[in-house]
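Hello,

Here is the structure I promised to pass on. Please open it and keep it beside you while you read my notes.

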Amino acid sequence: MRLKRLQVENIRSYKNLDISFDSGVTVVSGVNGSGKSSLLEACFSGLFGSKTLSTGFVLADMIHKGETKAAISLEFEQGGRDYMVEQGYRVNPKTGSGSSSGSVLKVDGDILVDQATQTYDAVRALLNMDEEAYKNCVYIRQGEIDVLINAKTKDRQRMIDDLLQLGRLEEYRERAGSARVGVGRIKRDIEWQVKNIVTEIEKIEIEKPHDKLNHSRGRSGRIQSNIDELGKKKDAAKSKMDKLNTTISEYSALSITKTSINSQITEFNGKKTAAFEEIESIRNNILSKNKTTQETKEKTSALKRDIGFEDGDSDIKTVVGEMEDNERRARDNVSTIENKRKLLENGIAQKRESVKDIEKQLSTISKYIQKLKTDVSSTQKEIEKSDKSLKELDGKRQMAVDEVEKLGFTVEKLDSIDDIMGLLVDQQKKLHGREREISTLIAGFDKSIKKSKDLLAKGMCPTCGQDLKGSSIVETTASDEEQKLKFDGELSDVKAKQVEIDEKLGRVRSLKAHAKVIADWIKDTELIHSKVETSNKSIADYNIRIVDEKKKFGELEGRKSGLLLAIEELDRGILELKEEENVAIKVHLKAKEFLSIAKKIQENIFEIDKLQDHIKQLDDKIVGIQNMIGHFESQINERKERLVEVDKKMGTIDIKEMQTNFKQFESAYKNIGVQIEHLFREKGEVQKDIGRLETEINRLSLLENNLKILKNKSDYLHAVYMDAEALENMYMRIRADLRSRNIGALDAVLNEMFSFMYTNNAYSHIKLDSEYNLTVYEKDGTTLEPKLLSGGERAIFNLVLRCAIYRLLSLGVGGISRGTALPPLILDEPTVFLDRGHIQQLIKLIDMMRDIGVGQILIVSHDESLIDSADHVFVVEKDPVTNTSSISAM
């Protein structure tokens, strides 16, 4: 595999990036924090998507701050075909969370897959490794260089086995083992079920359910025969009871009829007696009404005399009509006078209310005029206060102008003070960044010079064991000291410029403060002038309102006087109407009295007519009652004849004998019913036994069936269990055999590279055991754990181990070459913890990997020592203002 091109949009510190990769060694250089590692992370994420995020990081952390979308496009060549992976991302501006917006894999320009999961699976299949294997083999990330050595034994086994394709065999073995355990568990469960079923079958067979079922069925038949025989006897008794009951019912009906007839005769005799009594009562009532009629006639004659009405005059109805007209005219006259009086009283009330309203308005206007005068006075005081504030502001402005002129500026030039301030701050930031960069370089030279002097003092290189006389360390040390003096001078110049910039910034900040005072004076004076103008307008408005309100006050006073005169005039009219109203009321009362007497006479005449009609009705009623008495006597004679016929029919029936026979048959009927009910209960118990026995027999048949099925399953599961066990052992043997072969191959490659790197060193060789534990042997045979090596030695050792695994994979596991399938070897800041001597060893290792056929090596480092061994060099820089990285080729 060969990387060809990387395009990035809004990823980490890169807004836009387009870089092409060629074969050979490519070094990406730049200061710390410039964005070098982000370039490699972009390649990593381009291949595996969001699977590359470290613990504690989310997708939004990878997207450039403030952006809502991002993209990575990575082109590479594999097996003679061109591939392109496109990863898209977006950020929700409300929640700040990131998500994938697309993932596409193209082959020779055509889309192969277009979903994130499918793209991940396709890339993993192409590389024959996932993101973890990628990090453990080809991508040596910053800070993870010694992860294989420091890992626990089991973790190291898993990582190396996965790289050498043995992890799948272990996965298959675990699956086979899980299947074996699962089948064994099911097999034991079935065996336990078989045991329980056999026990249950034996328990049922001991009870002999078939014999018991035959016996119960015979007993049930005998009971049913007895029930049928008793049923016939019960039906015969019921027939006799029905015949007797019919005869007894007929006798009872005749007895009831006789009682009913006697009751009717008694009832008609009672009605006859009541009719004679009612006739006597009516005759007494007629006498009373005749008396009342005479008394009413006498009263009516007296009333007629009171109003002067003679019997020869008009009829009473006409007289009442005339009197009603007189009363109505008198009443209307009283009402008319009363309405006139009330109308005048309402007019007085309204005018008095109007006077009250006018008095309230006069009070309100008086208070409002006083308030307006108060507002005029307070507004004039505010104007005086504003004039005083204007004088104070003018004094402050003049002081600020004097200070600006003392600093060598004019008021007109203050408009550009912010631009000057920005330029000075930018210069200050650049000088500060350069100061830190130079300080870092000087510290590195100090450390390197000290280390070189210590080595020169010892006279022997601890890395290779060679004598330092005539070595390059002396020249390197002199060169470093010369460079340090150069940077010391530059640092002094930078600090002097910083002091000068700080002084200018101090003056500019003072000018900004004075500029603010002048700007505030303009705003404040404009505000106060506007306020004074508004106040003067308010005073003029107040004075106009005072004049208007005084005019309203005078008009209201005139209206009040007019209303009071009108009220006096109305009072006099009301007194005259009250006198007229009293006379009209007396006339009305007299008319009303005569009308009442006339109506009473009319009522008495109507009552007399009504009494005479009622007396006639009572006479007619007496005739009707006498006719009814004749009807009652006829009904009594008819019922006496029917009573003779009923007595004749009842004399032929012996009711007592029939009732005795009915009771005997009824007792026999009940006894037979009790016997049948007892037999039915007995039969029910037998039927329950039959049902229970049939259930047990069916259960026995079902258990025998289940037993046969479970035995077949047990035999089948035993065969599956043995197959799973054999499969598990086979995967274990294959994995052990392949691991043994790979360990031998890896041990050989590792020692070959180790010997090349450590020629003439104190170390002899490395031993890799079957558990991937590493041991370093010194020349005298002393063993040493890799963890105990010095920082630089441990870093080189780890790099050798990683490169050996990479080389073994390139040679091919199982003899099949994978060299073209492997991604480029990628090293992120490999010089960390390395001194000059170990950096030379690193360069030697890189050259070796290139010589053995590694087609593409990508290195990111801030150390410029690696540039000389590179075929291609890129430099990364970050803009301190925009915090954006850019890259350029050297």
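Which residues are buried in helix 14? Keep in mind that this is a predicted model. The buried ones are His 838, Ile 839, Gln 841, Leu 842, Ile 843, Leu 845, Ile 846, Met 848 and Met 849.

What covers them? The cover includes strand 3 (24–29), helix 12 (655–757) and helix 13 (791–811). It also includes strand 12 (825–828) and strand 13 (856–861).

Now the length of helix 14. It has 16 residues, 836–851. At 1.5 Å a residue, helix 14 should span 22 Å. Its end C-alpha atoms are 23 Å apart, which agrees. After helix 14 comes Gly 853, with a positive phi near 110°.

Next, the packing with helix 13. Two packed helices are described by the angle between their axes and the distance between those axes. For helix 13 and helix 14, the angle is about 5° and the axes are 10 Å apart. Angles under 35 degrees count as roughly parallel, so helix 13 and helix 14 are roughly parallel to each other. On the helix 13 side, the contact is made by Gly 792, Glu 793, Ile 796, Leu 799, Val 800, Cys 803, Tyr 806 and Arg 807. Helix 14 brings His 838, Gln 841, Leu 842, Leu 845, Met 848 and Met 849. Nine residues of this contact are nonpolar, three are polar and two are charged.

Ser 38 has 14% relative accessibility, so it counts as buried. Setting aside neighbours within four places in sequence, Ser 38 is in contact with Arg 12 and Tyr 14.

Best wishes

Key:
Residues numbered from 1 in each chain as written. Predicted model: local features only at pLDDT ≥ 70, side-chain atom pairs only at ≥ 80, totals over all residues. Heavy atoms only, no water. Helix = DSSP H or I, 4+ residues; strand = E, 2+ residues; numbered from the N terminus. Expected span 1.5 Å × (residues − 1). Buried < 20%, exposed > 50% of the residue type's maximum accessible area, 1.4 Å probe, protein only. Contact = heavy atoms within 4.5 Å. Axes fitted to C-alpha atoms, helices over the stretch in contact; angles between N-to-C directions. Parallel < 35°, antiparallel > 145°, perpendicular 65-115°, else oblique. Nonpolar A, V, L, I, M, F, W, Y, C, P; charged D, E, K, R; others polar.
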